[in-house]
Amino acid sequence: MDDGQIATKTLEQYRDEFKQKKLITMPLSGTIIWASLAIMATQIPDQQMVLPMYIGTGSIFYLALLLSKFTGETLIAKKTDRNPFDSLFLYTVVMSLMVFAIAMPFAALDHTSIPLSIGILSGLMWLPLSWIIEHKVGVIHTFVRTFAIVTVWLLLPEQRFVAVPAVIVCIYLVSLYQLHQRWSALNTPVVRKPVSH
């Protein structure tokens with residue numbers, strides 16, 4: 001190959017590169033924000049939790065940018081270094097922020113719908129992540145999160161602003177564990193047993 005030719009990678013090669021990431025920064029940020037919201041909701045009336053819920057969930061990505069300095073992950077790579085799956089992941093983040101357009105009109109009719117709508121809609125980004133990294137963590141997160149949020153929202157109408165965030169935090173903790181296990185497995189050298197003759 002001469003110097004004028006640029007080597008191009010296949011999508012599978014890009015995917016393999018993306019799969020090497022820890023991917024814990026965003027869920028760690030989500031855990032912190034949702035836990036903070038649950039704690040706040042124990043002290044603040046539901047009607048006053050509307051704005052903190054919007055601000056908190058809308059700032060998960062920005063907190064993740066700060067946390068990435070400590071986790072060593074790069075959330076926004078330079079354009080020249082960007083993997084197509086980095087771009088896809090960022091699109092899923094934007095998609096999650098766009099769900100506010102559904103949540104806000106619904107909340108104007110019933111402010112207690114906010115934990116339900118934002119909690120479910122912002123969790124949908126886990127499904128494409130599962131496909132990208134070819135791991136069940138995102139599928140489990142999305143389905144369990146959706147079912148659990150609907151369940152506690154229906155069963156605990158007086159505690160929606162506490163119960164829904166608490167459930168999300170629990171699911172995040174499980175997902176963080178699964179992501180850590182996945183990353184450890186990728187980085188554990190395979191020990192081959194000697195062949196006996």
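Me: Is Val150 buried, partly exposed or exposed in this predicted model?
Reply: Val150 sits in helix H9, which covers residues 137-155. Its relative accessible area is 33%. Buried would need under 20%, and exposed over 50%. Val150 therefore counts as partly exposed.

Me: What is the angle between the ring planes of Tyr54 and Phe100?
Reply: The two rings form an aromatic pair, 5.9 Å centre to centre. Planes under 30 degrees apart would be stacked, and over 60 edge-to-face. This pair is tilted, and the angle is 55°.

Me: Which helices does the pair of Tyr54 and Phe100 tie together?
Reply: Both residues are buried. They are 46 residues apart in sequence, so the pair ties together separate parts of the chain. Tyr54 is in residues 50-58 and Phe100 in residues 100-109. Those are helices H3 and H6.

Me: Which residue forms an aromatic pair with Phe85?
Reply: The pair is tilted, with 50° between the planes and 6.2 Å centre to centre. Phe85 lies in helix H5 (residues 84-98) and its partner in helix H8 (residues 126-133), so the pair ties together parts 46 residues apart in sequence. The partner is Trp131.

Me: Which residue lies over the face of Trp131?
Reply: The distance to the ring centre is 4.3 Å. A charge over a ring must be within 6 Å of that centre. The residue is Arg15.

Me: Over which ring does the charged end of Lys22 sit?
Reply: The charged end is 5.0 Å from the ring centre. The ring belongs to Trp183.

Me: What distance separates the C-alpha atoms of Met98 and Leu11?
Reply: Met98 is in helix H5. Its relative accessible area of 55% makes Met98 exposed. Met98 and Leu11 are 87 residues apart along the chain. Their C-alpha atoms are separated by 27 Å.

Definitions and conventions
Residues numbered from 1 in each chain as written. Predicted model: local features only at pLDDT ≥ 70, side-chain atom pairs only at ≥ 80, totals over all residues. Heavy atoms only, no water. Phe/Tyr/Trp six-rings, centres within 6.5 Å; stacked < 30°, edge-to-face > 60°. Helix = DSSP H or I, 4+ residues; strand = E, 2+ residues; numbered from the N terminus. Buried < 20%, exposed > 50% of the residue type's maximum accessible area, 1.4 Å probe, protein only. Lys NZ or Arg CZ within 6 Å of the ring centre and 35° of its normal.
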